Amino acid sequence: MSVRKLLGTIAKADLDYGLIENGDRIAIGVSGGKDSMLLLYCLHLYKKIAKKYHNKEFEVVGIHLEMGFPGMDFEIVRKFCRENNIEYYDIPTNIYDILKIHQNDDGSLKCSLCSKFKKGAVINEAKRLNCKKTAFAHHGDDAVETLLLNAIYGGRIATFSPKMYLDESGMTFIRPFIYADEKMIINTVKSIDLPIVKSTCPMDGNTKRQDIKEMLNKLYEEYPMAKSNFLNMIHNDEQLNLWKKIK
């Protein structure tokens, strides 16, 4: 899988949802995993495309929150960013220590609390670094999984938005990978030998989202057309047909 094809999905998402504007300074939360590392690199490459074809210039800033999980060495990430002239910062935090204090009854960490802390910390650092937008590496498969998680556990039909502004933080969030799927991302990472840092979080791979992912993979084996149709369903708002009560 070539980077060029993935950059094409970013360009489509950008044009469809107005993700990036001229003069933007965009922060990217870098966990070290395949998704965030590839997003950092691809947005860095997309700068040239946006300038040449869309007459807009923007800056990319990588922000890594040092969570405190043991055994995670980000030197290969720092080296990669230096070699590719990508602006990058390591930010110390005490998030892991806080999560251990507020564990679930069974001793597991609260993923929702972790997500909240990380989001807040990234926003704070992004604003400190004069970024008005933050890009997250959620892809199309993530969107479908979120849709089912909300349906199963929340009783509502909803997923995350490609672009969203939060008044309380004054930050705009964008998701340039919405038209890419996980397989495309994995293959692209392998093809360019992108440096990856394996997470040592004890909850890695042991979440409700992982359960949904495995359920969907089984469904796709039996109904292959469902994979693309589920993603089409999310942005095909003209075909939305739900129940409406008489007032």
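Mentor: Let's begin with a term: a salt bridge is a side-chain nitrogen of Lys or Arg within 4 Å of a carboxyl oxygen of Asp or Glu. By that rule, Lys34, Asp35, Glu145, Glu182, Arg209 and Lys213 are linked in a network. This is a predicted model, where local features need pLDDT of at least 70 and side-chain atom pairs count only at pLDDT 80 or more, while totals for chains, interfaces and linings use all residues. Residues are numbered from 1 along each chain as its sequence is written, and side-chain values use heavy atoms, with hydrogens and water left out.

Trainee: How many salt bridges does a search of the whole structure find?

Mentor: The search finds 19.

Trainee: What makes Lys133 and Asp24 a salt bridge?

Mentor: Their closest N and O atoms are 2.7 Å apart, and the limit is 4 Å, so the pair qualifies. Lys133 belongs to strand E4 (residues 133-135) and Asp24 to the loop between helix H1 (3-17) and strand E1 (25-29), so the bridge ties together parts 109 residues apart in sequence. Helices (H or I, at least four residues) and strands (E, at least two) are DSSP runs, numbered from the N terminus.

Trainee: Why is Lys133 called buried?

Mentor: Buried means under 20% relative accessible area, exposed over 50%, and partly exposed in between (1.4 Å probe, protein chains only). Lys133 has 4%, so it counts as buried. Asp24, with 10%, is buried too.

Trainee: Which label does each partner get in the bridge between Arg128 and Glu125?

Mentor: Arg128 has a relative accessible area of 51% and is therefore exposed, whereas Glu125, with 15%, counts as buried. Their side chains meet at 2.8 Å, N to O. They sit three residues apart in helix H5 (residues 111-128), which means about one helical turn between them.

Trainee: What makes Asp97 and Lys100 partly exposed?

Mentor: Asp97 has 46% relative accessibility, so it counts as partly exposed. Lys100, with 37%, gets that label as well. Their side chains also form a salt bridge, 3.7 Å from N to O.

Trainee: How do you know where Ser161 belongs?

Mentor: Its relative accessibility is 31%, so Ser161 counts as partly exposed. Ser161 lies in the loop between H6 and strand E5 (163-166). The C-alpha atoms of Ser161 and His235 are 9.9 Å apart, although 74 residues separate the two along the chain.
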